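Work through the following exercises with the sequence and the coordinates open beside you.

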Number of protein chains: 2
Amino acid sequence: MSKGQCLTGHDSDIDLSIGTCNELIEAAKQAGSVEELHALCAFLCDRAGFDYFLYGAVLPVSLVRPQTFIISGYPNEWWERYQECNYIRIDPVLRHSTERQSVPLDWNDVDPGAHSESNRVRQFMSEAADFGLTSGVSFPVHGREGEYAILSLATGDDHGQARGRIIASMPFVQLLSGYIHEAARRIFEHGDVTLARPSLTEREKECLLWAAEGKTSWDTAHILGISERTVLFHLHNASHKLDVSNRAQAVARAVSQGYITPQFR
Amino acid sequence: MSKGQCLTGHDSDIDLSIGTCNELIEAAKQAGSVEELHALCAFLCDRAGFDYFLYGAVLPVSLVRPQTFIISGYPNEWWERYQECNYIRIDPVLRHSTERQSVPLDWNDVDPGAHSESNRVRQFMSEAADFGLTSGVSFPVHGREGEYAILSLATGDDHGQARGRIIASMPFVQLLSGYIHEAARRIFEHGDVTLARPSLTEREKECLLWAAEGKTSWDTAHILGISERTVLFHLHNASHKLDVSNRAQAVARAVSQGYITPQFR
DNA sequence: GTCATACCTGTCATTTCTGACAGTATCCCC
DNA sequence: GGGGATACTGTCAGAAATGACAGGTATGAC
């Protein structure tokens, strides 16, 4: 790998300022369609000095079959190949977000991982380079209902050339990625019924909370000062609303989708 | 509330550039003690044009009694009052992070919420102002093991005066908050035994994953091609390692602490 | 060769959960 | 005054989980 000497954070390569950043934040707050959001990302991508972008979000509606949403500014051929080969399973950039990292990832810093995995990862990245995605940087976002997303910017330039842009754009794109995610949430929520989120009552959430703390129905009944039957009743209703088949799944969904969060008492 | 006209993102108030930002990122990566991290935050706070800072992290070791870690650059009197009055329960800024928001919160944009709550929130914020925390901005961080943190910067200036600084510092502080969090994780991990994280085997995680998906032991046994007894065995071992008392709690902990995450198959 | 680790399997008694039957009371909105 | 949402309570049978007893193999490290 060529190691550039472009160590200074000279932002002459990029055309992003606090002013443009704020304009983009406002634009993201206004965006009402996928097309608008696509245009916004493309604009950001261009200003940051990159050629391609991809925004992808994953919703944990189910742990084994999560829902995904994509706004792609990648070359079509690469994106098709990506889906065809199910590269979602080995993409190290996506893993960075899956692992709930909170800092950006310079693709040059990707750790291919151990033994058998590493070869596939290396091959994946070299194939990406063949399609024009040589260098890049990815920004993870973690959403309020347990979803996680990633905004990637890529260029055909090698890392030595791109490094300055990567570093200089980081603060702005990191901040913007949160707003873009908020916009995407808003937009997809309108269009997709699978995002309809049932509302749970206070009691239902309380019962789920104590169930998640390992309490039996009998325990919870005594904690809340109600009968065991009533606890069962609330948990049954919650399970029905959440469309799950038992207590463990109800608790898993309540935790992963943010129905119950760490409390202070 | 005084509404300032300082709508332009003039960054003359702040002394933060991409260069300083990168230096601070490197410093955060190097930081090895709470004192170093405190100094780093104080430096950042000063450069961003604010008077006080607070970094707080919450670890969901338990949902009802989470572990907290604080690096306080708030006035002592206020911080003592905050803890004494258990303001952690009504602090709307903390709630912003608890709700897993991913964008910064300008304290001026705080929504006091509905009816009875709103008065307490308003009173809380006016009391904060009495102690010199008139305006501020908070940056939520979501960590890889389910923890969430918040970095707040505050000043005695009113919002009209502070607005420019808040806006101008956002990109830099948002980015840095992630690195500061990583550093805090690293530092606290060394000093605190309660952060020791048991490691689960692949099979244990698989069994937990399917349990979280609502599968019974019998179902999981057939999915994995092993006997029901073995599934019970793995779940028993996992529960022991995680120090939980039943399946629901095991699943809750596995999900909230990131042992199991949405999969792609 | 022993130790540790991961992985695997069986039975039995007891507890807990789940689903289906049955209800009552309160509150708010229209 | 009715409809809907919320909260609450009861019993019973069957399914599932839990805990404690018992055991096995394969692997790699020292």
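Two strands are said to pair if DSSP finds at least two bridges between them. The model examined here is a predicted one.

**Exercise 1.** Determine which strands pair with strand 4 of chain A, in what sense, and over how many bridges.

*Solution.* Begin with strand 3 of chain A, residues 105-106, which pairs with strand 4 of chain A in the antiparallel sense over two bridges. Within strand 4 of chain A, the residue that stands opposite Leu105(A) is Ser138(A). Next take strand 5 of chain A, residues 148-155, which is also antiparallel to strand 4 of chain A and is joined to strand 4 by eight bridges; here Val137(A) has Leu153(A) of strand 5 as its bridge partner. Finally, inspect the hairpin that strands 4 and 5 of chain A form, where five residues lie between the strands and Gly146(A) takes a positive phi near 85°.

**Exercise 2.** Describe the side of chain A that touches chain B by its extent, its elements and its residue classes.

*Solution.* First, the extent: 57 residues of chain A are in contact with 57 residues of chain B. Second, the elements of chain A that give two or more residues to this side are helix 1, strand 4, helix 6, helix 7 and helix 10, and helix 6 of chain A provides the largest share, 11 residues. Third, the classes: the side of chain A that touches chain B has 28 nonpolar, 20 polar and nine charged residues.

**Exercise 3.** Characterise the surface near DNA strand C.

*Solution.* DNA strand C is surrounded by 19 residues, the closest being Arg247(A), Thr201(B), Ile226(B), Ser227(B) and Thr230(B). Helices 8 and 9 of chain A and helices 7 and 9 of chain B each supply at least two residues of this surface, and helix 9 of chain A gives the most, with four. By class, the residues of the surface near DNA strand C comprise five nonpolar, nine polar and five charged.

Key: Residues numbered from 1 in each chain as written. Chains lettered and ligands numbered in written order. Predicted model: local features only at pLDDT ≥ 70, side-chain atom pairs only at ≥ 80, totals over all residues. Near = placed C-beta within 6 Å. Nonpolar A, V, L, I, M, F, W, Y, C, P; charged D, E, K, R; others polar. Contact = placed C-beta atoms within 7 Å.
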